Amino acid sequence: MIVTLIVICEVGFWVLLAAGLATRYLLKMPRTGLALLLCEPLLEVLLLVVTAIDLKNGAEPSWRHGLAAVYIGYTVGHGHRTVKWLDGHAAHRLGGGQPPVKPPRYGMARARHEGKVWLGSVTAAAVASGLLLLATWYVGDDGNTDSLKSWMYVAWRAAGIHGLIALSYTLWPKKAPEGGLKGENGDMVSAVPARDPEHVADVLVRRPGKDAASPGGQPPDPRQGRGRDRV
């Protein structure tokens, strides 16, 4: 039953997410779409309540109850970031908004980004461990809680592996390819001028001065004038 409910909650998460984004941007009903998105945490609350009731009714603690705690922890640690990422893409493609800012790929900017994502994994492990400890206390000494305790090890081992991966970006930062200029987020921008200068970063285009005398924005070269006089 618990495994079935986890599957239902996972499917419900994506169904509510798709329905909320479609309602918000396709149907132009932002409040209704936001309400649908806010219903997603209720799925985790339902899963938590059913898990506690199952243990209260005398069910033997097993890997299924531990999996439910880890799933809730992951949703708390990474659910908001996932929803925000998808909302940015939906606002761009469905609502005509600006393209979402891509995460940095090089240097210390990438390392800081990976560190923030890793904090989500730490939060997930902490939430899962808290729920597993509550379940262990709830069962007491009458039942076998080894399966619940083993899931705490699984949660923190996953967070530790993720932490090592994030740390590698700090110790060995990924270098940007040569031949370009760095943008604000640490990524490389093309050094080839665009047809429309407004679409080129300021570091690549020398903007015309406001007090320029010529229509193009740059003062006329006096040497060119002398050359014409001689002809």
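Reply:
**The start of the chain, in context**

Mean pLDDT for the chain is 80, with 76% of the residues reaching 70 or more; pLDDT is the predictor's confidence in each residue, from 0 to 100. This is a predicted model, in which local features need pLDDT of at least 70 and side-chain atom pairs count only at pLDDT 80 or more, while totals for chains, interfaces and linings use all residues. Residues are numbered from 1 along each chain as its sequence is written, and side-chain values use heavy atoms, leaving out hydrogens and water.

Some stretches call for care. Over residues 190–216 the pLDDT stays under 50, and the model has 26 contacts there beyond four places in sequence (contact means heavy atoms within 4.5 Å). Where pLDDT is low, the predicted coordinates should not be read in detail.

Overall, the chain has seven helices and two strands, in the order α-α-α-α-α-α-β-β-α. These are DSSP runs numbered from the N terminus: helices are H or I with at least four residues, strands E with at least two. Of the 231 residues, 32% are buried, where buried means under 20% relative accessible area, exposed over 50%, and partly exposed in between (1.4 Å probe, protein chains only).

Now to your region. Helix α1 covers residues 2–26, and its 25 residues should span 36 Å, which agrees with the 35 Å between its end C-alpha atoms; the expected span is 1.5 Å times one less than the number of residues. Its buried residues include Ile2, Leu5, Cys9, Phe13, Leu16, Leu17 and Tyr25. The cover over the buried residues of α1 includes α2 (30–38), α3 and α4 (63–93). After α1 comes Lys28, with a positive phi near 60 degrees.

Glu40 touches Phe13, Leu16, Leu17 and Val83, leaving aside residues up to four places away in sequence. Glu40 is buried yet has no salt bridge, and Arg24, the nearest side chain of opposite charge, is 10 Å away. Here Lys and Arg count as positive and Asp and Glu as negative, while His and the chain ends are not counted. A salt bridge is a side-chain nitrogen of Lys or Arg within 4 Å of a carboxyl oxygen of Asp or Glu.

So where does Arg24 find a partner? Its side chain meets that of Asp87 in a salt bridge, at 3.2 Å from N to O. This pair links distant parts of the chain, with Asp87 in helix α4 and Arg24 in helix α1, 63 residues apart. Asp87 is buried because its relative accessible area is 17%, whereas Arg24, at 26%, is partly exposed.

For context, the whole structure holds two salt bridges. Besides the pair above, Glu114 and Arg110 meet at 2.8 Å, N to O. Glu114 and Arg110 lie four residues apart in helix α5, so they are separated by about one helical turn. Glu114 counts as buried at 12% relative accessibility, and Arg110 is buried at 16%.
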